[in-house]
Amino acid sequence: MARAVGAVSAGGAIDVLVNSAAVDPKADAASSTLADAGFADYPLAAWQRSMDVNLTGTFLVTRAVCRVMEGQGDGDAPVGRGAIVNISSTYGLAGPDQRLYQRSDGTRSF
């Protein structure tokens with residue numbers, strides 16, 4: 001992570017970071033069966049992968065970029081500058097109503 005951020009910052013200031021990565025089993029062909037899994041059957045490994053990408057990944061890249069942004073500024077004295085934008089699903093505020101969704105076989109998941 002630090003190496004990638006260092007390569008970007010070597011080209012100039014980092015003015016903005018946009019975090020929008022996410023794991024979506026419905027869009028991942030290798031995990032397509034997860035879209036049909038109910039909560040009680042959702043595998044721990046899939047949950048951990050989602051947390052690693054959606055949360056830990058966001059944390060790590062933001063931390064690395066903040067270190068660079070804190071040293072940026074105008075003139076001789078670094079004052080810190082830059083913007084970080086985190087994009088998330090509305091499901092970060094309210095859980096989905098599973099009764100609205102159907103499995104690929106047409107049955108309801110809840």
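Two residues are in contact when they have heavy atoms within 4.5 Å of each other. That definition is used throughout this account of a predicted model, in which local features need pLDDT of at least 70 and side-chain atom pairs count only at pLDDT 80 or more, while totals for chains, interfaces and linings use all residues. Residues are numbered from 1 along each chain as its sequence is written, and side-chain values use heavy atoms, with hydrogens and water left out.

The predictor's confidence in each residue is given as pLDDT, from 0 to 100. The protein chain has an average pLDDT of 80, and 76% of the residues score at least 70. Where pLDDT is low, the predicted coordinates should not be read in detail. Helices (H or I, at least four residues) and strands (E, at least two) are DSSP runs, numbered from the N terminus. The protein chain has two helices and two strands, arranged along the sequence as α-β-α-β.

Of the 110 residues in the protein chain, 15% count as buried. In soluble globular proteins, nonpolar side chains tend to be buried together. A nonpolar core here is a set of buried Ala, Val, Leu, Ile, Met, Phe, Trp, Tyr and Cys residues joined through side-chain atoms within 4.5 Å. The largest one has seven residues: Val5, Ile14, Leu17, Val61, Ala64, Val65 and Met69. Helix 2 (residues 44–70) gives the most to this core, namely four residues. Leaving out residues up to four places away in sequence, Ala64 touches Met1 and Val5.

Which residues does asparagine 19 touch, not counting residues up to four places away in sequence? They are Thr58, Val61, Thr62, Ile84, Val85, Asn86 and Ile87. Asparagine 19 is found in strand 1 and counts as buried because its relative accessibility is 7%. Asparagine 19 and threonine 58 are 39 residues apart in sequence, yet their C-alpha atoms are 6.3 Å apart in space. Over the protein chain, 56% of the contacts with a separation of 6 or more are between residues 24 or more positions apart.

Serine 50 lies in helix 2 and is buried too, because its relative accessibility is 12%. Apart from neighbours within four places in sequence, serine 50 is in contact with Val23 and Leu55.

A salt bridge is a side-chain nitrogen of Lys or Arg within 4 Å of a carboxyl oxygen of Asp or Glu. The structure holds one, between arginine 81 and aspartate 15, with the closest N and O atoms 3.9 Å apart. Arginine 81 is in the loop between helix 2 and strand 2 and aspartate 15 in the loop between helix 1 and strand 1, so the pair ties together parts that are 66 residues apart in sequence. Arginine 81 is partly exposed at 35% relative accessibility, and aspartate 15 is partly exposed at 48%.

The last topic is the surface. Valine 85, in strand 2 (residues 83–86), counts as partly exposed because its relative accessibility is 37%.

Notes:
Buried means under 20% relative accessible area, exposed over 50%, partly exposed in between (1.4 Å probe, protein chains only).
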